[in-house]
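Hi,

Here's the structure I said I'd send over.

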Amino acid sequence: MSKITIVSLAALLAANIPSGFGQSGRDHINIVGSSTVYPFATVVAEQYGKTTRFKTPKIESTGSGGGFKLFCSGVGVEHPDITNASRAIKSSEGATCAKNGVKDIIEVKIGYDGIVLANSKKTAALRLSAKDIFTALAKQIPDASGRLVPNPNRTWSDVNPSLPAVRIEVLGPPPTSGTRDAFVELAMESGARKFQSLADLRAKDEKAFTAIAHNIREDGAYVEAGENDNLIVQKLQANANALGIFGFSFLDQNSDKLQGSFVDGVQPTFEAIAAGSYGLSRPLYFYVKKAHVAVIPGMKEYLAEFTSEKAWGPDGYLSDKGLIPMPDAERKAVARAVKELTPIQFK
Amino acid sequence: MNNLTEGKAIAGGRAMDIVRRGLARRHAAERRFRLYGVAAVCLSLLFLSVLFISIFQSGIGAFRQTFLRLEVFFDPGAIDAGDPGAGDYGALVKRSLRGMFPDVTGRGELRELYALASSGAAFQLRRMVLQSPDLIGRTAAVWVPADDDVDMLVKGVYDRRLPETERRTSDRQLGWIERLEMKGRIAKRFNSAFFLNGDSREPELAGIRGAVMGSLYALGLTLLLSFPVGIAAAVYLEEFAPRNHWTSLIEVNINNLAAVPSIVFGLLGLAVFINFMGLPRSVPLVGGLVLALMTLPTIIIAGRASLKAVPPSIREAALGVGASKMQMVLHHVLPLAMPGMLTGAIIGMGQALGETAPLLMIGMVAFIVDVPGGLTDPSTVLPVQIFLWADSPERAFTERTSAAIMVLLAFLILMNAAAVLLRRKFERRY
């Protein structure tokens, strides 16, 4: 090839590539965050992409903590616009955001999700109380005198004589998961409070109490089964004595093979979680940078789609996917706050 | 004298006995050794066939999709002829379903009825009207995809005999489905959406097209970058570089790079290409660059091996008839080494096609619906799409994951078969 051809080709390449660099004028919404909210956010994104003229948002499943880290690293087109979370933003994360210039974060609560302890339909459903869950899974439990000892319980009947005499084997999320954070806060803490010695400790020193309540045993009875809930479902079908901890949407999709355990007398059904009678339910959120709303095309329309009745209402397509909708008044209030782009105030 | 020869004869006879006995043992050992080899080959073929058969069994169902035949009246009242894209096609689908089961009333029952057809049915009607606007005002029979729960029921993945509480379709829906089957309005047809659509949250509408295009763009860039650079580096290192301390150091480093876990290249891509150079996340441009870095050592090593295999007599003969060193390398050695280099390159490409770990780090694991149109559009690649679908709760994604694995394996087998055929055809034995 002649020298002129080579030089002109190189110049052509060099001229073309910079148009994509630096994402100047990114035309799609960039979303990161929780793997629990991911199934719901993706449905809304697809509907939004099909019904409006904007491009479908790109959604990554990084986990709630990872999502906040990316979200709070700054304002600009190379940073994500929205982060999904299966827990509320911590004040330390809010401080990191403010330090990196991310002020004015809008919090949007989208609904509730139940955490279920499910087992295969081949055996009977377990009837557990919060105290049973804590006694079975905590690393240290108080003995008869109130002193903390390493958890000696090997079978469910050791925990509670009315439960079957099978080995305790629970497959659950790892510490990086928002579902695990919610599970320890809801189930383990309320179970720990049933012990008098721990309830007294909570009144005296809250930090020590949470350290004990959130500490899950590592001797093989609790198996960290990663973020892949489909894998947990398969393992539960193979091992009828194991329990799995995951969100309600997975139980809903596999209701022909799995059943949820009764927690404090209530079985996890859509109606029970919506009515608030099932204890292990937590709200799901997503957070939006107000600074990006004016810059990235289509963000207002995405927010409108997510907060519309046909998405998050009781007859909406998100409830078909297993999201428990908020009560009517709460939905209206959140929709109004989103429309006016009201930022949250950190205490 | 007789004793001596007799002695020798007897000693010779005993020796022959010993040899003969040893011979039998030796032959037996050789037979056993051959048997071990055959057993090893059979065992590996057994594992391979178990893998293929299990994937084939779980994935073959995904190539057929259940369709419903609806009689749709394209009502001019619902569709404005001036703006056909904005018509309420969902209402047309609902009306058609109500027309087939006029006795269904009540909000809950109607919701169950509407749930029989996929949410993509409305968008299919919209596409039909945009293509041929003369449909407005006419009635046509349209085959629309059924919802994934109906699809799983018809395919037998959900057992019909289970009680209602254990099924995802209610008894009423089961009754309607059976009536539709009797009338011949439910059929399983070839699932073209699997090959033509991008990703979707609805399994009946999900396809691998976006992932395949992303793979093609990334691999195309990888080939473009790594093949010329790799061949040039191999030629220089083998033919022109002086044999000293520095070149041995380079050789050791290249061999090391070929063994480095691929996720390290992903971290490199994240640190250098995305954070330092500011390239966008999740685009095939960065994916191609990372995969090119990963494939480069493989191509260099394969290139050097094929250059070494060209006998020195060719080089001497070329130099002998008056060629310069450059001419000798480019006109004589390189063409003879090219088949081996191509084989190495194809095998390297095959490895790059199946790589997931480095692409996870640069953000190519994301839900992306639109099919990428260029190097800077966000996209995923086929192995990552398989990974994402394996994580989805909908039951219908299980068979689609296996079907996508089958497509990936088919590509890999094709590429490796091409490499073997190329070598067979062009190889010269000396």
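A quick word on terms: the domain bounds I use come from an automatic or database domain assignment. Also keep in mind that this is a predicted model.

With that assignment, chain A splits into domain 1 (19–112 + 283–339) and domain 2 (114–281). The C-alpha centres of these two domains of chain A are 30 Å apart. Where they meet, 15 residues of domain 1 of chain A are in contact with 16 residues of domain 2 of chain A.

Now for the two chains. Between them, 27 residues of chain A are in contact with 27 of chain B. Which elements of chain A each supply at least two residues to the side that touches chain B? They are α2 (38–51), β2 (58–60), α10 (229–238) and α11 (248–253). Of these, α2(A) gives the most, with seven residues. By class, the side of chain A that touches chain B has 12 polar residues, nine charged and six nonpolar.

β2(A) pairs with strand β4 of chain B (residues 366–367) in the antiparallel sense, over two bridges. In that pairing, look for Glu60(A), which stands opposite Ala366(B) in β4(B).

Cheers

Terms used
Residues are numbered from 1 along each chain as its sequence is written. Chains are lettered from A and ligands numbered from 1 in the order in which they are written. This is a predicted model: local features need pLDDT of at least 70, side-chain atom pairs count only at pLDDT 80 or more; totals for chains, interfaces and linings use all residues. Two residues are in contact if their C-beta atoms, placed from the backbone, lie within 7 Å. Helices (H or I, at least four residues) and strands (E, at least two) are DSSP runs, numbered from the N terminus. Ala, Val, Leu, Ile, Met, Phe, Trp, Tyr, Cys and Pro count as nonpolar, Asp, Glu, Lys and Arg as charged, and the others, Gly among them, as polar. Two strands pair if DSSP finds at least two bridges between them.
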